[in-house]
Amino acid sequence: DIDVTQNKIIYDIIQNDHYQLRVSNPTPYHLNYSNITIFHDNKFTVLDLNQKNTVKPFSKEIYDIPLSGLSKKNELKIHFILIDDQGVSHPYSAPIS
C-alpha cells in the first residue's frame, strides 16, 4: 500500500560543497516521483529530478538543492507526489530531518 510505504521513507539534508536532499528507501518497493518540493522560510523550491525520478528498493538517491543559506535549523518540509503502479498520483508531505 503506497500510504504505508511513504511513511517509511527518510528525507534528510546533507551538505558538501552545496546542499542536497537524500531520499532513503528502506522498503522493497520502487518509489516513483513526479515532483519533489522543499518548503523553507515561507518559500518553496522545486527540485530538478534530472531523470532520477525513481528510488530503487533498499537504496538512496541524492538530489541537488539550488539554495544558499539553508540551515538544518530552519524548519524544512518536503511535499512530493508518488506515482503508484496504476499511474495514479498521490500527494504527500513529510518533515526533513
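Is R22 buried, partly exposed or exposed? R22 is partly exposed, at a relative accessible area of 24%, where buried means under 20%, exposed over 50% and partly exposed in between (1.4 Å probe, protein chains only). This is a predicted model, in which local features need pLDDT of at least 70 and side-chain atom pairs count only at pLDDT 80 or more, while totals for chains, interfaces and linings use all residues. Residues are numbered from 1 along each chain as its sequence is written, and side-chain values use heavy atoms, without hydrogens or water.

**Salt bridges**
- The count is two salt bridges, each defined as a side-chain nitrogen of Lys or Arg within 4 Å of a carboxyl oxygen of Asp or Glu.
- R22 pairs with D12 in a salt bridge, N to O 2.5 Å.
- This pair joins strand β2 (residues 19-25), which holds R22, to strand β1 (residues 10-15), which holds D12; strands are DSSP runs of E with at least two residues, numbered from the N terminus.
- D12 counts as buried, at 12% relative accessibility.
- K52 forms a salt bridge with E61, with the closest N and O atoms 3.6 Å apart, and K52 is partly exposed at 31% relative accessibility.

**D84**
- D84 sits in the loop between β7 (77-83) and β8 (89-95).
- D84 is buried and has no salt bridge; K8, the nearest side chain of opposite charge, is 17 Å away.
- A polar atom of the D84 side chain lies 2.9 Å from the backbone nitrogen of Q86.

**F39**
- F39 belongs to strand β3 (residues 31-40).
- F39 is partly exposed, with a relative accessible area of 33%.

Key:
Helices (H or I, at least four residues) and strands (E, at least two) are DSSP runs, numbered from the N terminus. Lys and Arg count as positive and Asp and Glu as negative; His and the chain ends are not counted. A polar contact is a pair of N or O atoms within 3.5 Å; within protein, one must be able to donate a hydrogen and the other to accept it, and residues adjacent in sequence count only if both atoms are side-chain atoms.
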